[in-house]
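Here is a short briefing to read with the model open beside you. Take a look at the structure first, and then follow the topics one by one.

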Amino acid sequence: MEIIKNISSLETYEVRQPVLRAGKPIESCQFDGDDLPTTKHFGIYNDEKLVGVVSVFNKINNIFKGPNQFQIRGMAILSEYQKRGFGEKLLHHCEVFIKSQNGTLIWFNARESAVSFYEKSNYNKVGALFSIPEIGPHYLMKKEIDPL
Ligand SMILES: CC(C)(COP(=O)(O)OP(=O)(O)OC[C@H]1O[C@@H](n2cnc3c(N)ncnc32)[C@H](O)[C@@H]1OP(=O)(O)O)[C@@H](O)C(=O)NCCC(=O)NCCS
(Lines give C-alpha, C1' and ligand atoms only; values in the text may rest on other atoms or scores of the structure.)
Protein backbone atom coordinates (compact mmCIF):
# COMPACT_ATOMS: atom_id res chain seq x y z
CA MET A 1 0.00 0.00 0.00
CA GLU A 2 1.35 3.41 -0.86
CA ILE A 3 0.64 6.72 0.78
CA ILE A 4 1.80 10.29 0.08
CA LYS A 5 2.69 12.57 2.99
CA ASN A 6 4.00 16.09 3.50
CA ILE A 7 7.64 15.81 4.59
CA SER A 8 10.42 18.22 5.57
CA SER A 9 13.24 19.31 3.27
CA LEU A 10 15.68 17.24 5.35
CA GLU A 11 13.58 14.11 4.88
CA THR A 12 13.90 14.46 1.09
CA TYR A 13 17.67 13.94 1.34
CA GLU A 14 17.18 10.20 1.94
CA VAL A 15 16.06 9.92 -1.68
CA ARG A 16 17.60 13.04 -3.25
CA GLN A 17 21.07 11.86 -2.22
CA PRO A 18 21.21 8.39 -3.82
CA VAL A 19 19.09 9.25 -6.85
CA LEU A 20 19.96 12.86 -7.75
CA ARG A 21 23.28 13.55 -6.01
CA ALA A 22 25.02 10.16 -6.00
CA GLY A 23 28.65 10.48 -4.92
CA LYS A 24 28.22 14.14 -4.00
CA PRO A 25 28.30 15.63 -0.51
CA ILE A 26 25.07 15.77 1.48
CA GLU A 27 25.10 19.60 1.29
CA SER A 28 24.49 19.26 -2.45
CA CYS A 29 21.02 17.94 -1.56
CA GLN A 30 19.95 21.34 -0.28
CA PHE A 31 18.09 23.49 -2.83
CA ASP A 32 17.62 27.27 -2.70
CA GLY A 33 14.20 28.02 -1.23
CA ASP A 34 13.76 24.58 0.33
CA ASP A 35 12.59 26.06 3.61
CA LEU A 36 10.46 28.94 2.36
CA PRO A 37 6.96 28.81 3.82
CA THR A 38 5.56 28.50 0.29
CA THR A 39 7.68 25.44 -0.55
CA LYS A 40 6.18 21.98 -0.09
CA HIS A 41 7.87 18.59 -0.02
CA PHE A 42 6.00 15.36 -0.60
CA GLY A 43 7.13 11.80 0.04
CA ILE A 44 5.60 8.58 -1.26
CA TYR A 45 5.79 5.60 1.07
CA ASN A 46 5.51 1.95 0.13
CA ASP A 47 4.72 -0.18 3.17
CA GLU A 48 5.99 2.66 5.37
CA LYS A 49 9.30 2.99 3.52
CA LEU A 50 10.03 6.34 1.88
CA VAL A 51 10.62 5.45 -1.79
CA GLY A 52 10.16 8.75 -3.60
CA VAL A 53 10.23 12.51 -3.08
CA VAL A 54 9.33 15.69 -4.90
CA SER A 55 9.30 19.40 -4.05
CA VAL A 56 7.06 22.24 -5.22
CA PHE A 57 8.27 25.85 -5.25
CA ASN A 58 6.07 28.90 -5.78
CA LYS A 59 8.50 30.34 -8.31
CA ILE A 60 8.03 32.46 -11.40
CA ASN A 61 9.99 31.76 -14.56
CA ASN A 62 10.08 35.02 -16.53
CA ILE A 63 9.94 33.11 -19.79
CA PHE A 64 6.28 32.48 -19.01
CA LYS A 65 3.42 34.85 -18.41
CA GLY A 66 1.18 34.99 -15.39
CA PRO A 67 1.73 35.25 -11.66
CA ASN A 68 0.62 31.83 -10.45
CA GLN A 69 3.53 29.70 -11.53
CA PHE A 70 4.93 26.74 -9.67
CA GLN A 71 8.22 24.91 -10.17
CA ILE A 72 8.64 21.21 -9.50
CA ARG A 73 12.11 20.15 -8.36
CA GLY A 74 13.89 17.13 -6.98
CA MET A 75 11.56 14.46 -8.37
CA ALA A 76 13.24 11.18 -7.47
CA ILE A 77 12.23 7.55 -6.96
CA LEU A 78 14.68 5.05 -5.44
CA SER A 79 16.11 3.00 -8.31
CA GLU A 80 14.67 -0.32 -7.12
CA TYR A 81 11.19 1.24 -7.04
CA GLN A 82 11.28 2.99 -10.43
CA LYS A 83 8.84 2.13 -13.25
CA ARG A 84 6.18 0.98 -10.78
CA GLY A 85 3.95 4.05 -10.96
CA PHE A 86 5.27 5.90 -7.90
CA GLY A 87 6.63 8.84 -9.92
CA GLU A 88 3.38 9.35 -11.77
CA LYS A 89 1.42 9.32 -8.49
CA LEU A 90 3.75 11.92 -6.95
CA LEU A 91 3.52 14.12 -10.03
CA HIS A 92 -0.27 13.94 -9.95
CA HIS A 93 -0.22 14.79 -6.23
CA CYS A 94 1.82 17.93 -7.04
CA GLU A 95 -0.71 18.94 -9.66
CA VAL A 96 -3.63 18.60 -7.23
CA PHE A 97 -1.72 20.68 -4.67
CA ILE A 98 -0.82 23.35 -7.24
CA LYS A 99 -4.43 23.57 -8.41
CA SER A 100 -5.49 24.03 -4.78
CA GLN A 101 -3.14 27.04 -4.70
CA ASN A 102 -4.76 28.46 -7.85
CA GLY A 103 -1.64 27.76 -9.89
CA THR A 104 -2.06 28.07 -13.62
CA LEU A 105 1.32 26.91 -14.88
CA ILE A 106 3.80 24.23 -13.80
CA TRP A 107 7.37 24.34 -15.07
CA PHE A 108 10.68 22.62 -14.36
CA ASN A 109 14.06 21.75 -15.76
CA ALA A 110 13.85 18.07 -16.69
CA ARG A 111 16.79 15.76 -17.07
CA GLU A 112 16.93 14.69 -20.70
CA SER A 113 16.55 11.08 -19.54
CA ALA A 114 13.26 11.88 -17.78
CA VAL A 115 11.60 13.89 -20.59
CA SER A 116 9.53 10.93 -21.83
CA PHE A 117 8.25 10.31 -18.30
CA TYR A 118 6.91 13.88 -18.14
CA GLU A 119 5.56 13.78 -21.71
CA LYS A 120 3.34 10.87 -20.63
CA SER A 121 1.71 13.30 -18.19
CA ASN A 122 1.29 15.90 -20.95
CA TYR A 123 4.19 18.21 -20.14
CA ASN A 124 5.85 19.84 -23.16
CA LYS A 125 9.44 20.79 -23.85
CA VAL A 126 10.17 24.49 -24.31
CA GLY A 127 13.26 25.52 -26.25
CA ALA A 128 16.54 23.72 -26.76
CA LEU A 129 18.55 21.26 -24.70
CA PHE A 130 20.80 23.05 -22.21
CA SER A 131 23.35 21.95 -19.66
CA ILE A 132 23.17 22.37 -15.88
CA PRO A 133 26.76 22.28 -14.56
CA GLU A 134 27.66 19.01 -12.77
CA ILE A 135 24.17 17.60 -13.36
CA GLY A 136 23.86 17.26 -17.14
CA PRO A 137 21.60 17.98 -20.11
CA HIS A 138 18.11 19.33 -19.41
CA TYR A 139 15.01 20.63 -21.15
CA LEU A 140 12.71 23.29 -19.77
CA MET A 141 9.24 21.73 -19.63
CA LYS A 142 5.81 23.13 -18.79
CA LYS A 143 2.11 22.45 -18.57
CA GLU A 144 -0.74 24.90 -18.27
CA ILE A 145 -3.34 23.69 -15.81
CA ASP A 146 -7.02 24.36 -15.43
CA PRO A 147 -8.30 25.62 -12.10
CA LEU A 148 -10.12 23.13 -9.85
C1 LIG B 1 11.99 9.79 -13.73
C2 LIG B 1 11.35 9.15 -12.49
C3 LIG B 1 10.99 10.22 -11.48
C4 LIG B 1 10.06 8.43 -12.96
O5 LIG B 1 9.44 7.80 -11.84
P6 LIG B 1 8.94 6.30 -11.94
O7 LIG B 1 8.26 5.93 -10.68
O8 LIG B 1 10.07 5.45 -12.37
O9 LIG B 1 7.89 6.41 -13.14
P10 LIG B 1 6.46 5.71 -13.30
O11 LIG B 1 6.60 4.25 -13.00
O12 LIG B 1 5.43 6.44 -12.54
O13 LIG B 1 6.26 5.89 -14.87
C14 LIG B 1 5.13 6.46 -15.48
C15 LIG B 1 5.27 6.20 -16.97
O16 LIG B 1 6.47 6.83 -17.47
C17 LIG B 1 7.36 5.85 -18.00
N18 LIG B 1 8.72 6.23 -17.59
C19 LIG B 1 9.20 6.30 -16.35
N20 LIG B 1 10.49 6.72 -16.37
C21 LIG B 1 10.80 6.87 -17.66
C22 LIG B 1 11.98 7.28 -18.32
N23 LIG B 1 13.07 7.64 -17.65
N24 LIG B 1 11.95 7.34 -19.67
C25 LIG B 1 10.84 6.99 -20.36
N26 LIG B 1 9.68 6.61 -19.79
C27 LIG B 1 9.67 6.55 -18.44
C28 LIG B 1 6.93 4.53 -17.38
O29 LIG B 1 7.32 3.44 -18.18
C30 LIG B 1 5.44 4.72 -17.31
O31 LIG B 1 4.86 4.53 -18.58
P32 LIG B 1 3.58 3.55 -18.79
O33 LIG B 1 2.48 4.20 -17.97
O34 LIG B 1 3.36 3.60 -20.25
O35 LIG B 1 3.99 2.25 -18.25
C36 LIG B 1 12.26 8.10 -11.83
O37 LIG B 1 12.52 7.07 -12.72
C38 LIG B 1 13.56 8.66 -11.30
O39 LIG B 1 13.65 9.03 -10.14
N40 LIG B 1 14.60 8.70 -12.16
C41 LIG B 1 15.93 9.14 -11.76
C42 LIG B 1 15.96 10.59 -11.32
C43 LIG B 1 15.36 11.54 -12.33
O44 LIG B 1 15.66 11.50 -13.50
N45 LIG B 1 14.48 12.40 -11.83
C46 LIG B 1 13.84 13.42 -12.62
C47 LIG B 1 14.70 14.61 -12.62
S48 LIG B 1 14.01 15.86 -13.68
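Is Lys143 buried or exposed? At 14% relative accessibility, Lys143 counts as buried, where buried means under 20% relative accessible area, exposed means over 50% and partly exposed lies in between (1.4 Å probe, protein chains only). This is a predicted model, in which local features need pLDDT of at least 70 and side-chain atom pairs count only at pLDDT 80 or more, while totals for chains, interfaces and linings use all residues. Residues are numbered from 1 along each chain as its sequence is written, and side-chain values use heavy atoms, with hydrogens and water left out.

**Salt bridges**

- A salt bridge here is a side-chain nitrogen of Lys or Arg within 4 Å of a carboxyl oxygen of Asp or Glu, and by this rule the count comes to 4.
- Side chains of opposite charge can pair when their charged atoms come close.
- One of the salt bridges joins Glu95 and Lys143 (3.1 Å, N to O). This pair links distant parts of the chain, with Glu95 in helix H2 and Lys143 in strand S7, 48 residues apart.
- Helices (H or I, at least four residues) and strands (E, at least two) are DSSP runs, numbered from the N terminus.
- Glu95 is buried, with a relative accessible area of 11%.
- Another salt bridge joins Lys89 and Glu2 (3.3 Å, N to O). Lys89 lies in helix H2 and Glu2 in strand S1, so this pair ties together parts that are 87 residues apart in sequence.
- Lys89 is partly exposed at 37%, and Glu2 is partly exposed at 30%.
- Arg16 and Asp34 also meet in a salt bridge (2.9 Å, N to O). Arg16 lies in helix H1 and Asp34 in the loop between H1 and S2, so the pair ties together parts that are 18 residues apart in sequence.
- Both Arg16 and Asp34 are buried.

**Helix H1**

- The buried residues of H1 are Ser9, Thr12, Tyr13, Val15, Arg16 and Leu20.
- These buried residues pack against strands S1 (2-7), S2 (40-46), S3 (49-57), S4 (69-77) and S5 (105-111), with contact meaning heavy atoms within 4.5 Å.

**Two positive phi angles**

- Most residues other than glycine have a negative phi.
- Lys83 has a positive phi of about 60° although it is not a glycine. Lys83 lies in the loop between S4 and helix H2 (86-100), and at 86% relative accessibility Lys83 counts as exposed.
- Glu134, also not a glycine, has a positive phi of about 70°. Glu134 sits in the loop between strand S6 (124-132) and strand S7 (136-144), and counts as exposed at 70% relative accessibility.
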